[in-house]
Amino acid sequence: MACESCSTGKDGQPKGCKSNGTCGTDSCNKLTVFDWLANMSLPNGEAPFNWIEVRFKNGRKEYYKNTENLTLSIGDIVATQAANGHDIGMVTLTGELVRVQMKRKKIPQDGEVLKIYRKASQRDIDIWSDARDKEEPMKVRARQFAIDLKLHMKISDIEYQGDASKATFYYTAEERVDFRELIKVFAREFRTRIEMKQVGFRQEAARLGGIGSCGRELCCSTWLTDFRSVSTSAARYQQLSLNPQKLAGQCGKLKCCLNYELDTYLDALKAFPKTEVKLKTQKGTAVCQKTDIFKGHMWYAYEGEWMNWHKITTEQAQEIIALNKKNEPVGSLEEYAVDLLEDTKVEFENVVGQDSLTRFDQPKKPKRRRTNKNTNTPNAEAKDSGVATKPATKKPVRRKKPSNPNQNPNAKAKQNPNAKPNPNATTADGEAKPKPSRNSRSRNKRKPQNKQNPQNANANPNAKPKPNPNAKSKPKPRPKPNAKPNQKSNPNTNAEK
């Protein structure tokens, strides 16, 4: 909101005036005027201007004379003169700025003068607010009546007079409409005097308001009052695509903002040669394909080589045209386009790998296979030698498989009657020997064969080892057929022979 008292709350509603956008100080309404002369005092003996600007629904403004010399300020609700009865409106401007506005809108101070009766009482405000509440449901019913009568018109807005004695219907239509029967239906249904007023599509958008494609409020509902004609040539001069969906506004007509920068474009185009003029060179005739008004560049292509465009400046194009008029030869456009060649070399170098798609991915670690190694002996030897080693990891404990509940626990395992008894499986007493653990097996495998038993360290080293009855005897190697059994090879025998 524009004023300090109308700060918005959490739900977007104004806090100060409580009128949901219809500001009491008229600083956030449609077509508002800032009174920059409000804090300035008049010279001595100068009477203030006695005309008042009053605003009604949807930005409709009228000017009234303060014949009663009432003390009025911006935001006061007053009862004004009407053709029949009185109307209720809000004061939006007072003082010398009213004289400026009347002069700009060409409103004469002489002739028929409308007056301000009084400040509105509470009873006047209640009747006015009740009439305003009837307008929206009344508009829905009025549109349905027009559809039933098959009239090609659109009822856009309804405005009640302040004393609720008359209702004005604003409508738009492309052709002349005979609504005499419609007025009879309205008078019978709504029980009030009816007035029909046709407006244009731009005036309809200005009354209703809205948000434009630029994201701001419509210009016609905030500050624009004079509607100038807009043509498609304005879009051509600005090199805009002739897309009706993008060039049309809320009213369905061409946007008024197409005329805002048109004069600037027309001044810039004076330095450009006409696009219909062809450039004649020794290589061929070139035709204009594109222009850039901001940079002052033009693109030409040879006839028959439409895919290859050559960029030159407006000064170079004017120079070639002047040489063509004098019938002087011009080599080619490439001679002029060389000066405008841009270096497209990319200076960026991928040093750290910023453009890699996988720069944030973590590399997968290789999985190590677990080995059942005995870490007690190496750690003990490492402690004695003073070398730091990694702590021994605990080996996973194998869980026993759950027993079958249907199996008899007292049942003995079946024995094979043909199996031969194993002498190493039992002791001398006939008891079963315990199976060696995996660790003991690994220890036995790792023990070197030449390592002596500490208990037999004092034994005779020349003593022969006792034969193991359980050990299998190795087969003797077969003698070679040519070799004699007891003959020893003498290295000097060959030499003597």
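The axis of a helix is a line fitted to its C-alpha atoms over the stretch in contact, and the angle between two such axes runs from 0 to 180 degrees between their N-to-C directions. With that in mind, this report looks at a predicted model, in which the axes of helix H3 (residues 135–148) and helix H4 (residues 180–190) come within 10 Å and cross at roughly 145°. The crossing in which H3 passes H4 is right-handed.

On the side of H3, the contact is made by Met138, Arg141, Ala142, Phe145 and Ala146, while H4 contributes Leu182, Val185, Phe186, Glu189 and Phe190.

**Aromatic pairs**

A pair of aromatic rings is described by the distance of the centres and the angle of the planes.

| Pair | Centre to centre | Angle between planes | Arrangement |
|---|---|---|---|
| Phenylalanine 169 and phenylalanine 186 | 4.7 Å | 15° | stacked |
| Phenylalanine 169 and phenylalanine 190 | 6.2 Å | 25° | stacked |

Phenylalanine 169 belongs to strand E7 (residues 166–172) and phenylalanine 186 to helix H4, and their pair links distant parts of the chain, 17 residues apart. Because phenylalanine 190 also lies in helix H4, whereas phenylalanine 169 lies in strand E7, the second pair ties together parts that are 21 residues apart in sequence.

**Charges over rings**

Elsewhere, charged side chains lie over aromatic faces: arginine 207 lies over the face of tyrosine 170, at 3.9 Å from the ring centre, and lysine 290 lies over the face of tryptophan 299, at 4.9 Å from the ring centre.

**The chain as a whole**

The secondary structure of the protein chain comes to 14 helices and twelve strands, and 27% of its 497 residues count as buried. Among contacts between residues at least 6 apart in sequence, 56% join residues that are at least 24 apart.

Definitions and conventions
Residues are numbered from 1 along each chain as its sequence is written. This is a predicted model: local features need pLDDT of at least 70, side-chain atom pairs count only at pLDDT 80 or more; totals for chains, interfaces and linings use all residues. Side-chain values use heavy atoms; hydrogens and water are left out. Helices (H or I, at least four residues) and strands (E, at least two) are DSSP runs, numbered from the N terminus. A crossing is left-handed if the near helix is turned anticlockwise from the far one by less than a right angle, and right-handed if clockwise. Contact means heavy atoms within 4.5 Å. Rings of Phe, Tyr and Trp (its six-membered ring) pair if their centres lie within 6.5 Å; planes under 30 degrees apart count as stacked, over 60 as edge-to-face and the rest as tilted. A charge sits over a ring if NZ of Lys or CZ of Arg is within 6 Å of the ring centre and within 35 degrees of the ring normal. Buried means under 20% relative accessible area, exposed over 50%, partly exposed in between (1.4 Å probe, protein chains only).
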